[in-house]
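Biologist: I have a structure open and would like to go through it with you. Can we start with how the chains meet?

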Amino acid sequence: MAVTADHAIPNRSPLIAFLSRWLLTTNHKEIGTLYLWLSFTLFFIAGAMAMVIRLELFQPGIQFAEPLFYNQMVTMHGLIMVFGVVMPGFVGLANWLLPMMIGAPDMALPRLNNFSFWILPFAFTLLISSLFMEGGAPNFGWTFYAPLSTTYGPPSTDFFILGVHLMGISSVLGAINIIVTIFNLRVEGMTLMKMPLFVWTWLITAFLLVMVMPVLAGAVTMMLTDRHFGTSFFSAVGGGDPVLFQHVFWFFGHPEVYILILPGFGIASQIIPTFARKKLFGYHSMVYATVSIAILSFLVWGHHMFTTGMPLAAELFVMYATMLIAVPTGVKVFNWVATMWRGSMTFETPMLFAIGFVILFTIGGFSGLMLALVPADFQYHDTFFVVAHFHYVLYPGAIFGIMSAVYYWLPKWTGNMYDERLGKLHFWTAIVAVNMTFFPMHFLGLAGMPRRIVDYSLQFADFNMVASIGAGMLGLTQVLFLYIVIKTIRGGDKATSRVWESAEGLEWTIPSPAPLHTFSAPPQFPIPEEAYQHD
Amino acid sequence: METPRYYVPHSSPWPIVGSVALAVTAYGAVNFIHQSTEKVGAEGSWGQPVFFIGLAMVAFMMFGWFGTVIRESIRGMNSELMDRSYRQGMGWFIVSEIMFFAAFFGALFYARIISVPWLAGAGNNLETHVLLWPDFADIWPLFMTPGGTATEAMEAWGLPFINTVILVTSSVTVTFAHWALKKNQRILLPIWLAITVALGTTFLTLQVIEYRDAYTELGLTMGSGIYGSTFFLLTGFHGAHVTMGTIMLAVMLLRSLRGHFSAENHFAFEAVSWYWHFVDVVWLFLFTFVYWF
């Protein structure tokens with residue numbers, strides 16, 4: 001295999017060598033690693049903020065956090081989890097896996113790839129530093145509705161705006177790179193309809209990113225000019241409308257929630273067939289379902305705004321269009337279940353997380369369906385029911401998806417097997433804790449507890465205490481996850497190149513750990529059975 | 001079957017230079033704004049120089065990065081496949097730019113179809129009208145905001161129309177330059193390019209004059225309600241794109257004089273001309289919906 005030896009320059013101090021390796025790299029695996037560690041780091045930072053929130057809500061009254069600080073925690077927790085944890089986490093997986101899955105030597109535009117990554121640490125430094133500024137960090141919730149973020153936002157809001165611009169540049173460039181890689185660098189013979197589903201879901205995700213991140217950039221630009229340059233986009237006194245902000249934001253925001261989950265669909269579709277030892281049921285319908293979800297996602301942003309006084313016709317249209325999304329999503333869930341049906345199932349940690357994903361994501365999907373009903377939403381809007389809903393799709397959805405992917409491919413990345421006993425412990429504590437944290441929030445919301453408020457009335461005390469205890473457990477289990485990952489990187493049973501006995505795909509034909517450069521010469525496709533027989 | 005080798009570049013300093021440059025620009029920009037609007041806790045005046053240093057760093061990064069890519073192209077390191085990656089990449093970049101403008105067009109249409117009529121009592125919003133601003137009338141362009149800020153409208157058939165003609169003509173001349181390049185007419189190529197650059201510069205000059213008239217004679221400013229907001233953000237971002245496009249065209253002119261392009265291999269030129277057509281089309285929408293109707 002022709003290997004370009006770019007890191008083997010002798011006579012340099014280890015620090016310089018380390019910095020030049022990680023700062024200047026163009027290698028998709030190294031950049032993937034950078035993304036994943038950034039995501040992991042921010043996961044603990046935003047997780048610590050969640051702990052502050054749950055600590056404060058442990059009992060009624062104001063214990064630990066002043067209301068203003070509580071609002072900052074809620075805002076920063078949401079922003080960092082969405083833009084700093086889930087998105088970079090999935091991009092990290094894309095970097096590691098896409099070239100290996102399609103038999104490409106690297107991403108199509110490797111320098112651009114490094115640029116996309118290195119913008120992010122600066123963007124998040126800018127965002128997080130706002131916590132230490134005069135007037136405090138942004139405190140208007142992750143949706144930064146006008147006029148809270150325009151007329152009433154603290155000065156640090158402008159750092160937030162520029163931070164969002166940087167993240168947007170990073171996401172758009174990263175997405176372009178992914179689309180071009182998938183369209184251009186597939187191995188001979190891998191037609192679109194033969195691509196692994198993780199590749200398909202990322203293709204659609206990248207398309208959504210290119211379409212909506214610029215709209216977000218437009219939204220924050222209008223905020224900036226409303227704040228400082230006298231425009232009145234979001235001010236009725238000048239003929240604008242605060243609700244316009246919500247339209248622009250959710251035009252971005254709704255496709256964004258699919259950006260946060262579609263790669264997770266792809267991961268489940270890779271993992272479940274391996275451990276059910278069957279081919280994925282309904283490959284074509286999976287692809288069409290993903291495409292339909294993406295198209296519908298552009299038509300339903302209004303369901304976040306039922307209580308703003310939209311015309312009735314618009315509310316009805318959005319309601320039915322939203323409910324329509326349940327059809328392709330249902331197809332997916334059905335296909336995963338049908339893949340498991342009568343399979344020779346085993347329950348290694350990645351499979352456990354994947355099954356947890358399917359079941360709990362479905363619960364989150366159903367509560368979404370409840371929220372889609374206009375008359376019901378008038379009740380649920382801005383209550384903890386909404387919090388319960390999107391945490392079910394994001395935590396056991398997106399985050400469990402990333403975790404199951406990490407367990408599944410970590411042996412490929414590091415060459416070592418993770419500790420199965422600890423992995424199972426991680427899963428079972430996580431799944432108990434996640435339900436303990438978020439399930440009571442459904443009841444709290446239905447009973448009328450509003451979200452984003454530092455204090456609550458006495459009748460909500462019991463469920464809040466349960467949720468807080470669950471949240472503490474959930475936080476601790478992720479420390480265990482960190483330990484498992486580090487332990488695997490440092491050693492463990494050697495992984496074979498195929499790792500899992502019936503795993504399919506080009507990434508399982510190369511040695512574990514995957515060498516820095518793979519597929520400099522294109523592999524054979526369809527994959528001959530003997531390609532898996534290295535060791 | 002011979003599979004084309006794909007060139008994977010070695011480590012490169014430009015991405016990290018670019019990231020630092022963007023961060024410096026962003027940090028400088030916010031402090032610049034805060035210091036010039038005298039926000040609390042924003043003493044000093046260092047924001048402005050930091051912002052411009054950041055921009056200079058961005059320019060330095062682009063210069064260095066594109067220089068590297070050009071050298072690779074001249075050495076023939078780019079396979080046909082690489083060429084396709086660049087082409088598709090540029091195409092998707094333009095898609096993202098279209099969506100950026102879509103946000104502002106969305107705001108314009110929302111104001112014209114929804115918020116302004118509603119404030120004037122359309123639909124079931126009579127109470128809003130009567131209780132908040134009973135004197136407000138739904139007339140577009142918005143001569144009088146609900147709060148009472150007055151402005152005059154920008155006439156479409158003066159400078160804006162001349163600018164439309166200029167920009168459409170420049171789209172034609174850049175295509176003539178492309179044809180000249182494809183036919184290997186080495187004299188005509190820089191001439192048509194120079195004409196295009198001149199048209200772009202003229203457009204920008206007229207735009208500056210138009211803005212001056214708006215501020216001094218019409219009272220049309222960023223502060224004159226939603227009409228001024230959409231007017232200046234749409235035309236302003238378009239103008240920024242024309243500026244970028246003109247600079248890119250000027251670079252293409254210099255490169256064509258140095259003999260960088262061949263009749264077969266000139267993707268950079270094509271990318272710039274795509275970009276130029278894109279700005280042109282955006283202008284046609286602007287002319288129609290901002291100035292004309």
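Modeller: First, a term: two residues are in contact if their C-beta atoms, placed from the backbone, lie within 7 Å. Also keep in mind that this is a predicted model.

Biologist: Fine. How many residues of chain B are in contact with chain A?

Modeller: There are 59 residues of chain B in contact with 60 residues of chain A. On the chain B side, α1 (14–36), α3 and α7 (225–257) each supply at least two residues.

Biologist: Which helix gives the largest share of that side?

Modeller: That is α3(B), with 22 residues. Sorted by class, the side of chain B that touches chain A has 34 nonpolar, 22 polar and three charged residues.

Biologist: What span should helix α3 of chain B have?

Modeller: The helix covers residues 80–119, which is 40 residues, so at 1.5 Å a residue it should span 58 Å. Its end C-alpha atoms are 57 Å apart, which agrees.

Biologist: Where does α3(B) bend?

Modeller: At B:A111, by about 50°. After the helix comes B:G121, which has a positive phi near 100°.

Biologist: New topic. What domains does chain B have?

Modeller: The domain assignment gives domain 1 (1–78) and domain 2 (79–292). Their C-alpha centres lie 24 Å apart.

Biologist: And how many residues of domain 1 are in contact with domain 2 in chain B?

Modeller: Five residues of domain 1 are in contact with five residues of domain 2. The domain 1 side of that contact has three nonpolar, one polar and one charged residues.

Biologist: Which peptide bonds are cis?

Modeller: One joins A:S512 and A:P513, with omega about -5°. A:P513 is in the segment after α15 (461–490) of chain A. Another runs from B:W140 to B:P141, with omega near -5°. B:P141 lies in the loop between α4 (126–132) and α5 (159–182) of chain B.

Biologist: What about A:D382, where is that found?

Modeller: A:D382 is in the loop between α12 (374–380) and α13 (384–414) of chain A. Its phi is positive, about 60°, although A:D382 is not a glycine. A:D382 has 15 other C-beta atoms within 10 Å, so it counts as partly exposed.

Biologist: Is A:F519 buried or exposed?

Modeller: Buried, because A:F519 has 21 C-beta neighbours inside 10 Å and the cut-off for buried is 20 or more. A:F519 is found in the segment after α15 of chain A. Phi of A:F519 is positive too, near 55°, and this residue is other than glycine.

Note on methods. Residues numbered from 1 in each chain as written. Chains lettered and ligands numbered in written order. Predicted model: local features only at pLDDT ≥ 70, side-chain atom pairs only at ≥ 80, totals over all residues. Helix = DSSP H or I, 4+ residues; strand = E, 2+ residues; numbered from the N terminus. Expected span 1.5 Å × (residues − 1). Bend = angle between axes of the 7 residues up to and from the residue. Nonpolar A, V, L, I, M, F, W, Y, C, P; charged D, E, K, R; others polar. Domains from an automatic or database assignment. Buried ≥ 20, exposed ≤ 12 C-beta atoms within 10 Å, placed from the backbone.
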